[in-house]
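Notebook open, viewer open. I'm jotting things down as I look them up.

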Amino acid sequence: MKIRFFLVACLAVFCVLGVCQGGNLRKKFYRKSCPQAEQIVRTKIQQHVSACPNLPAKLIRLHFHDCFVRGCDGSVLLDSTATNIAEKDAIPNLSLAGFDVIDDIKEALEAKCPGIVSCADILALAARDSVSAVKPAWEVLTGRRDGTVSVSGEALANLPAPFYNFTTLKASFASKNLNVHDLVVLSGAHTIGIGHCNLFSKRLFNFTGKGDQDPSLNPTYANFLKTKCQGLSDNTTTVKMDPNSSNTFDSNYYSILRQNKGLFQSDAALLTTKMSRNIVNKLVKKDKFFTKFGHSMKRMGAIEVLTGSAGEIRRKCSVVNA
């Protein structure tokens, strides 16, 4: 009886993570239908990252913004139409980039295996391979299918904002079946990339509406940021999220966080509870961060996926099939 209960419990957990058999995500989904699929993605990504070292941050963000709206179904890649404003044109997504890279990979895959590899899987693989210099940093389960709906309002409603406090962040992640550990670990993606001034300038110039500065922000760092950002309305200037190694995927994010140099209010929020602080302190170790980040990316990559006969395999990532 105990063994039977254990097996049932394990199956339930695996189903939640989207790795059950019967059409859901699994290892090497394209082993027979397109054996070279993952290698094609990896080769293309290596070429693009070599030409554009800041690409990894863009692709991880693109994958994140896709999964938090309608699940990991490639809906963020769809263009707006005459009758619909798509996710990519929602305010939080206007600074997204990397669409051309996904399109390039898709073209190569369509030439090799037409109608086989989904845009959603390409995005998940590309995000992983962009930060995998030597070997894959984590295993990406495949078998996602592409959604056919993309609505800008859903992006506004589902994407966590850079000004969220811990309570709202926790609720946002919980709504996607991700826990506090996932929240802190996935925030580590801020170890690469840039942030626009208008997303954090309130912390510098008008934190409580009285022309004040966020007291939780390192004063020296705040003064440095003020030399970069021109004011509350500055939406063109960008600043490195990790001032020491913004193009290197490492655990330095947690080191600067402990110095109160997290760029966004949502970064600083991770220090406001004992549970999240403890996780931050553990993730300073690079090896531990890499391992945990891979686990959380696998969990995120399984959010509300379309598998089996749901959705479609888009021939072009920016438009639904005719």
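This is a predicted model: local features need pLDDT of at least 70, side-chain atom pairs count only at pLDDT 80 or more; totals for chains, interfaces and linings use all residues.

**Domains.** I started with the distance between the two domains: the C-alpha centres of domain 1 and domain 2 lie 24 Å apart. The contact between them takes 12 residues from domain 1 and 13 residues from domain 2. For the bounds, I noted 36-158 for domain 1 and 166-297 for domain 2.

**Largest pocket.** Next I looked up the largest pocket, which has a volume of about 1200 Å³. Its lining counts 44 residues, and the closest to the centre are Arg 61, His 65, His 190, Leu 199 and Phe 264. Which elements give two or more residues to this lining? I got helix H3 (55-67), helix H7 (166-174), helix H8 (180-187), strand E1 (194-196), helix H12 (265-268) and helix H14 (286-300). H3 has the largest share, with six residues. Sorted by class, the lining comes out as 27 nonpolar, 13 polar and four charged residues.

Where does the pocket lie relative to the domains? Both domain 1 and domain 2 give residues to the lining, so the largest pocket lies between them.

**Helix H10.** I then went through H10, residues 219-228, and found Tyr 221, Ala 222 and Leu 225 buried. Why do they sit on the same side of H10? Their arc around the axis is only 100°, which puts them on one and the same side of the helix. On the face of H10 turned away from the buried side, I noted the exposed residues Pro 219, Thr 220 and Thr 227. The packing partners of the buried residues are helix H9 (202-205) and strand E2 (238-240).

**Phe 207.** I found this one in the loop between H9 and H10. Its relative accessibility is 22%, so Phe 207 counts as partly exposed; the cut-off for buried is under 20%. Not counting residues up to four places away in sequence, Phe 207 touches Lys 202, Asp 212, Gln 213, Asp 214, Pro 215 and Gln 265.

**His 196.** I placed His 196 in strand E1, and with 22% relative accessibility it counts as partly exposed. How many residues separate His 196 and Val 239 in sequence? They are 43 residues apart, with 6.4 Å between them in space, C-alpha to C-alpha. Leaving aside neighbours within four places in sequence, I listed Ser 95, Asn 235, Thr 236, Thr 237 and Thr 238 as contacts of His 196.

**The loop between H7 and H8.** Contacts of Lys 176, leaving aside neighbours within four places in sequence, are Phe 68, Asn 158, Ile 303 and Glu 304.

Asn 177 lies in the loop between H7 and H8 as well. Asn 177 is exposed, with a relative accessible area of 60%. I also looked up its phi, which is positive, about 60°, although Asn 177 is not a glycine. Worth a note, as most residues other than glycine have a negative phi.

**Asn 260.** Another positive phi turned up here: that of Asn 260 is near 60°, again in a residue other than glycine. I located Asn 260 in the loop between H11 and H12. At 35% relative accessibility, Asn 260 counts as partly exposed.

Note on methods
Residues are numbered from 1 along each chain as its sequence is written. Side-chain values use heavy atoms; hydrogens and water are left out. On a 1 Å grid over the protein atoms alone, a cavity is a set of points where a 1.4 Å probe fits but cannot get out, and a pocket is an open set with protein on both sides within 12 Å along at least five of seven lines; lining residues have an atom within 4 Å of a point. Grid points are joined across faces, edges and corners, and a volume is the space filled by probe spheres set on the points. Helices (H or I, at least four residues) and strands (E, at least two) are DSSP runs, numbered from the N terminus. Ala, Val, Leu, Ile, Met, Phe, Trp, Tyr, Cys and Pro count as nonpolar, Asp, Glu, Lys and Arg as charged, and the others, Gly among them, as polar. Domain bounds come from an automatic or database domain assignment. Buried means under 20% relative accessible area, exposed over 50%, partly exposed in between (1.4 Å probe, protein chains only). The arc is that of the directions from the helix axis to the C-beta atoms. Contact means heavy atoms within 4.5 Å.
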